[in-house]
Amino acid sequence: MTNMRKLGLTFLFGFLFTIAFLGFSDREAMASATTLPDFYFKFEGVKRDDGSEYVMTDDDVDLIVTSDEWAVPPDVEWSSSEHGIVTFQTTGAPNRVRLIRKSPGYATITATMRKDGLEKVINCRIKVNLAIDYIKTDLRTITISNNKVLYLDPHDPSNSEKRIFLQGVSYNAQGEALAVSGSSLSIPAVIWESGDESVATVDKGLVKAVGPGSTTITVRSIVGDPMEASLRVVVKPEFDIRFGTTTQHSSESNTASAIENVPSSFIISTQTNNAAKLKWEIYDCSNNQRIPEGSSGKMSYTVSLGNILFDNVKAGTYEIYAFAADDFYKETNVPYAYMKIEVPINFKDQNVVMSVGDTYSLFTNTNIPSDNIFSTVIYDPNNTNVVRYSDGIITARGEGKVKLTFVYDPSTKLFSGSPADMTINITVIDGISLSTSKATMPANGTLLLDAILTNKDITRYPVTWSSEDPSIATVDSKGLVTATSKAGTTRIIATQVINGVAKRAVCEVTVQPTMNSITMTPDKLPLPINGIDTITATINPEGLSDVKLVWKSSNPDIVSIERVNGFTATVRGGSTGGHAVITAINQDNVVVGYCHVTVHQPVDKITLSETNVTMAFSQKSLQLRAIVSPENAVNKDIVWETSDPSVATVTENGLVEFKKAGTVAIVAVSVDNPNARAICNINIQIPVTGITLTNKSIVMYSGETTKIGYSLNPANSTNSAVTWSSSNNAIVTVDATGKVTAKGPGTATIIVRSADGGYTAYCTVTVRRVASGVKLDASDLSLKVGESYQLKATLSPADSTEVKLTWETTDNKVVSVDGNGKLQAKSSGSAIIFVKTEGGGTAFCKVTVSQPVQGVILNFSEKTVYIGQTVKFKASVTPSEATNLRVTWKSSNEKVATVNADGEVTGKAGGMTVITCTTVDGGHTATCIVTVREPVTSITLNYDSYSIGVGKTVQLRATVISETATDQTVKWVSSNPKVATVNSKGKVTGIKYGKATITAIAQDGTEVEASCEIRVVVPATSVTLNKGYLSMLVGERKSLKATIKPNNATFKTAKWKSSDTSIAIVDDNGVVTAIKSGEVTITAEAKDNSGKKAICYVTIRDRQPATSVTVMDKKLIMVPGEQKTVQVVISPATSTDSHTWSTDNASIVQVDRKTGKIVARATGTAVVTVMTDSGKTATIEVTVIGLSRTSLTLEQYTEYVLTVEGTNSSVGWDIDNPNVAVLRRSGNNSVTVSTKATGTATITAHVNGRKLVCKLKVTKIK
């Protein structure tokens, strides 16, 4: 046996030494090898590692290959995969070249380093980006930034369109790109886009001017990795000025002469649909200051979509510039549009009639910017007693006539020259005059003339009216002129005789024919969103004078009227599309003209049914569908385009028809908005129809490799990619090229699958392997006599096909082994089991055999001990010659008795336990029942005290605390059997009112006892609650009241209890507090144990705060003394919030805190606020208005200012008896009452839908 062990150890150590030696030899051989270091590229000093990418933009670059380890470069061989994209220009150094850009596309450059027979190859992918050829393309350089732009002029045939040339692309004589070969990026593989097609469009690089402005033309690849280049395009700006029938065009130079006689309101129109695309600058020539957009002291102008609306332009000279973009200005080398205009001084009236005391303002009746533009004001005659001029105001001082001449001051620089002097002829009267001296009336029309009197005592000095030709017009005693149907001119004369002096005033009245029709030009008008245009009304018959048209829009949200100038109206489109009707109405005889305006909602988005799709050429076509957004766009027409007609064409309905295999982009463009477009990229392929392998089955040995060939059908399929897989990689693997490697013995299938169509072919591979070693599942075993064990041998490698093994034992008397490795234990001792392979592999296992124990007995089978006593137990093991005689001890209840390792048992507590002895060998057991006796130590009762009625009972129960006490019986005793008795089982009966003590006494001799105090009482017969149901909110508290009957019951109060204290709690006084939402019962129970009780069911809801509070009236107009209640809506409707009211000014408005009733007290404005419990508020603005006087008594020819207090809103006034007094507005909310004749009248003020009344009484002058 010893020799066999030495032999096995010698073999094992020899095997390990051989492996270690072979491993050392391999490492030594590897360490002695020499390799080239890692190399990398540098492009203009920028490092790029092997396998990376470099992007070339506009210029050629210097390129070197180098290493961090070698200072001297080796020999380098350079190559390019695509010479049509990049080539090399050699330099003096072998590792340095000049990389020359040829055309856009992708190429791989390779550097091969060789030294001392070693070779290193590195690659870099070169992306030659798209770039603009600035030399071929006709560009202009911006002066300031030095950037280059493409300049176009839509009205110059030689400059209206230009082509953008790309670097590295060949063009024919017509400027069209020629086809390319290799991997260069072809022109059909790019798309051209304009950032704003309202400025310029582009088709295959040909850019065409559309409208003034600036945009960016972008050329972008649609195949492969994305690349793009861009160029800015500027289209020459220009504009027109329109006023009346005059239209003038802008100039290209700021030296152009000024356009004269421009009115204060005019329109600038552009050739673009959005004037805001241009940069506008307006300058005041008098001070060279720029005027910002909006309203200023000199003018008001607004830039709209296609127009600029100028209004209230003051007299002066102005320069208008339009630049193509915000970063352009006068000094930029890009053309701009220019115009100089002169707005002359304009006096509305050159003949003015005034009464003594009147004033006339030049600022409101002329367009002068200030009064200092006049150097001198000349009076003719030179008499300031009639009028006086000062600071732009003419004041009438006395009766007479005067001509004022205003002499322009050239130093103000309003104009380049000196305009003619301006004159006003002023007549000041101190007697009688008419409200107008000249009037035009339609046939059968009426006109009320008002006589303006210096002496207003018309009772003594009445005014008489007459017409010189009543066949043309008549006049009544109140100055009401009525025209007849006869056209012509007459004079209406008002006469007042004062003290024999007749004062007369004349109004010349011209009666003209009735208007027959109004024609609108245009009658149909298209407008863009927010666009501005003008509509002109032409009347029939022509030549009617004093015609005043009323202009209206049927829908101001769609089209609004910005400004009206006589027969011309300026209209603006709204922010959404739609239709509206603009009407011009002659109110004299209700003749109406119509213009139908359509505001176009533009297209802003196109979505295609497909965006990226791969299809077989055999499918022939693809139907694309375009969805235009928004849905209410007016023009939904689509133009379809193809990037390469040789690959696919597209019809006007979006049907794509395939021509050949390839990649093509189909573009859908909105006719309405060329910027709205969508692209679908289509890859058209020739599909694979089948695949075959060169081998259907092969046999290989572990470690071998081979390659399996394949062929696709047809051979020119577009997608030739295939994937390889193995059904079992543990047997054989295959890489992406079809290279097969045998891994382990067995049979597996190699599968090749085409990426296109998923066609498959199969090859069956059988792999074989020989075993080189063996290993056992155990190296050390312990068996008992008579036991058997099956050793398992594992071959190395595990997939070896060899299965013949040789088994041997060193001692057949101890353990034997059969030819399959099964062991049989025969006698105690040890031996070694060997197993050998045919190849010489060996493994061994040491086996130890032992004799087992058969049984055990104890010296006691039952034993009684007392607490604290110790008894020695003895165990006898059979057979006595057993190998292992050791035993273990255990108590089934160590609280009763414990046992130590030597078998000593100690009593711990009264009770019974089982002592078990167990052999270590075999687990044989013997047991002994041990009983431990224990005395009673304490007793408890289920009640310490209890109340019962006469004749009622209660069951007392005694519990011995020492549960293991041996004798747990007790005896029951009553201290006063006349009050309460107790039987042997602890049942207590009430005999009469009083108290007694019931005692339970232990019967094991310890005389341990426990007692309960019994009280015999008058019991409750009923318990009732004041409420049987409560509804509460979380956090709320409510009280319950319990009533106990009879009145002489011993206990007058109840015990309170909640069925779920997590929902609600109740205190000793019956106060319930809601904790959370839910349902709970509150119980009130008698304290005398009679079981009488009452229940209240409580439902608790979560507080639901209001999310908002809304009042039905946001604003109220009230008069003092008025009352009003406003309805309130709290959301949500299920909210538990209440609300309160308040006012910020109780002196004006009072409000009831709870009901919200509002009472107006005094004029003014106050805010009434309603607030919910959760803090949500809503407000009502209450305006209390009232007349300063509700009744007036005035003398004749006196004046009084009547005011509506509490508001600044515009107030309408009327009087029911104008013979008594006339009203003259004095501001928004006041009127001057001028009395005339004696009598009474009612003055009514109309404000915000309310009427306020003042009773007027005019008495005779004293």
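Val-402 stands opposite Ile-426 in strand S34; strands here are DSSP runs of E with at least two residues, numbered from the N terminus, as helices are runs of H or I with at least four. The model is predicted, and local features need pLDDT of at least 70, side-chain atom pairs count only at pLDDT 80 or more, and totals for chains, interfaces and linings use all residues. Residues are numbered from 1 along each chain as its sequence is written, and side-chain values use heavy atoms, with hydrogens and water left out.

Strand S34 covers residues 422-429 and is joined to S33 by seven bridges, the two running antiparallel. Two strands pair if DSSP finds at least two bridges between them. S33 (residues 400-408) is also joined to strand S30 (residues 374-380), by six bridges and again in the antiparallel sense. Within that pairing, Asp-380 has Lys-403 of S33 as its bridge partner. Strands of a sheet pair through backbone hydrogen bonds, either parallel or antiparallel.

S21 (residues 279-284) pairs with S22 over three antiparallel bridges, and Tyr-283 has Arg-290 in S22 as its bridge partner.

Individual strand residues can be followed too. Thr-66 lies in strand S4 (residues 61-66). Thr-66 counts as buried because its relative accessibility is 19%; buried means under 20% relative accessible area, exposed over 50%, and partly exposed in between, with a 1.4 Å probe and protein chains only. Leaving aside residues up to four places away in sequence, Thr-66 touches Asp-38, Phe-39 and Tyr-40, contact meaning heavy atoms within 4.5 Å.

Thr-1183 belongs to strand S114 (residues 1177-1184). With 8% relative accessibility, Thr-1183 counts as buried. Beyond residues up to four places away in sequence, its contacts include Leu-1116, Ile-1117, Met-1118 and Gly-1206.

Ile-929, in strand S87 (residues 925-933), has 35% relative accessibility and therefore counts as partly exposed.
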